[in-house]
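Trainee: I should like to work through this model by asking about its core, its helices and its charged pairs. May we begin once it is displayed?

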Amino acid sequence: HVEALAARLEDDHADVRSSAARALRSFPEAAACHSSALAQVASDDASSTVRAAAVAALGAIGKAASDRVDVVRAALLDSEEDVRTAAAVALGQIAAAADIGCAGAMESLAKAVSDSSPSVRAFALEALEAFGEAGEPHVEAIAASLKDEDSEVRAAGLRALAAIGVAAAKFAPAASECLEDSDTTVCAAAAKSLGAMGAEAAAQFSPRLRALQASEDAEVRDEVQGALEALGRSPEPS
């Protein structure tokens, strides 16, 4: 079955090629031996839909596609948004699974944080979050996303800072400003990031955190409680 799907990557019709690539994504282990064909399609196919599907399939293959990571990095520069979005997700998947070439992968993702597409920016930040403390060399690019016009990007940036932890503490003031964001998802992510940055860096913002203990949003309340506990201060009853 997988062999037949791989053969369809060379079909004359783009819809057949994209369907084949999407189907291969569902069989990552079996599709691993076809990573070369998928990489070729991801690089050269005339259809952006096909390129995006091939890139996504490489991401699903994960570690076995680590030798194709340069193709995925190049896809982050594709002219089409759907391909770049797929590349941001896939690059994080491959690098995290393979635990190799992380520096290059993170560099590409950090550059993608300034992409013109909010979707690409958000997924690039989510991928960087998965690297945890290892993402510290790119903390400046991540922190810049806190002023993004898109709320999903701001929230993703805050979560990436939380993953870096204490090494991102100098951005505690910027994170604290996001506690007043109009989007509750951003507020919750801001509380989480402050809690992860350590007591010394975030204690000064505990009044702002406490002010959100009465939030109507359960996620915000939970993250605020977690942040205050992480700061070594028991949440006071409202």
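**Core, helices and charged pairs**

Trainee: Which residues of the largest nonpolar core touch the most other members?

Mentor: Please bear in mind throughout that this is a predicted model. The largest nonpolar core has 81 residues. Those that touch the most other members are Leu38, Leu109, Leu161, Leu194 and Leu209.

Trainee: Which residues does leucine 109 touch, not counting residues up to four places away in sequence?

Mentor: Leucine 109 is one of the core residues that touch the most other members. With residues up to four places away left out, its partners are Leu76, Ala88, Leu91, Ala124, Ala127, Leu128 and Phe131.

Trainee: Is serine 108 buried or exposed?

Mentor: Serine 108 lies in helix H8, residues 102-112. Beyond its neighbours within four places in sequence, serine 108 is in contact with Arg73, Leu76 and Leu91. Its relative accessible area is 11%, and the limit for burial is under 20%. Serine 108 is therefore buried.

Trainee: How many Å apart are the end C-alpha atoms of helix H13?

Mentor: Helix H13 covers residues 184-196, which is 13 residues. At 1.5 Å a residue, H13 should span 18 Å. The computed separation of its end C-alpha atoms agrees, at 18 Å.

Trainee: Against which helices do the buried residues of H13 pack?

Mentor: The buried residues of H13 include Val186, Cys187, Ala188 and Leu194. Leu194 is also among the core residues that touch the most other members. The buried residues of H13 pack against helices H11, H12, H14, H15 and H16.

Trainee: Which residue has a side-chain oxygen that reaches the backbone nitrogen of threonine 185?

Mentor: This approach is found at the start of H13. The oxygen comes to within 2.8 Å of that backbone nitrogen, and it belongs to aspartate 183.

Trainee: How many disulfides does a search of the whole structure find?

Mentor: Consider cysteine 187, which is in no disulfide. The nearest cysteine sulfur, that of cysteine 178, is 8.3 Å away, whereas a disulfide requires sulfur atoms within 2.5 Å. Across the whole structure, the number of disulfides found is zero.

Trainee: Which residues does alanine 54 touch, not counting residues up to four places away in sequence?

Mentor: Alanine 54 is located in helix H5, residues 48-61. It is buried, since its relative accessible area is 0%. With residues up to four places away excluded, alanine 54 touches Ala21, Leu38, Val41 and Ala42.

Trainee: With which residue does aspartate 45 meet in a salt bridge?

Mentor: Aspartate 45 sits in the loop between H4 and H5 and is paired with a residue of helix H2, 28 residues apart. The N to O distance is 2.7 Å, and the partner is arginine 17.

Trainee: Why are glutamate 107 and lysine 111 separated by about one helical turn?

Mentor: The two side chains form a salt bridge, with the closest N and O atoms 3.7 Å apart. Glutamate 107 is partly exposed at 36% relative accessible area, while lysine 111 is exposed at 58%. An α-helix has 3.6 residues a turn, so residues three or four places apart point the same way. Glutamate 107 and lysine 111 are separated by about one turn because their spacing in helix H8 is four residues.

Notes: Residues numbered from 1 in each chain as written. Predicted model: local features only at pLDDT ≥ 70, side-chain atom pairs only at ≥ 80, totals over all residues. Heavy atoms only, no water. Core = buried A, V, L, I, M, F, W, Y, C linked by side-chain atoms within 4.5 Å. Buried < 20%, exposed > 50% of the residue type's maximum accessible area, 1.4 Å probe, protein only. Contact = heavy atoms within 4.5 Å. Helix = DSSP H or I, 4+ residues; strand = E, 2+ residues; numbered from the N terminus. Expected span 1.5 Å × (residues − 1). Polar contact = N/O pair within 3.5 Å; in protein donor to acceptor, adjacent residues only side chain to side chain. Salt bridge = Lys/Arg side-chain N within 4 Å of Asp/Glu carboxyl O.
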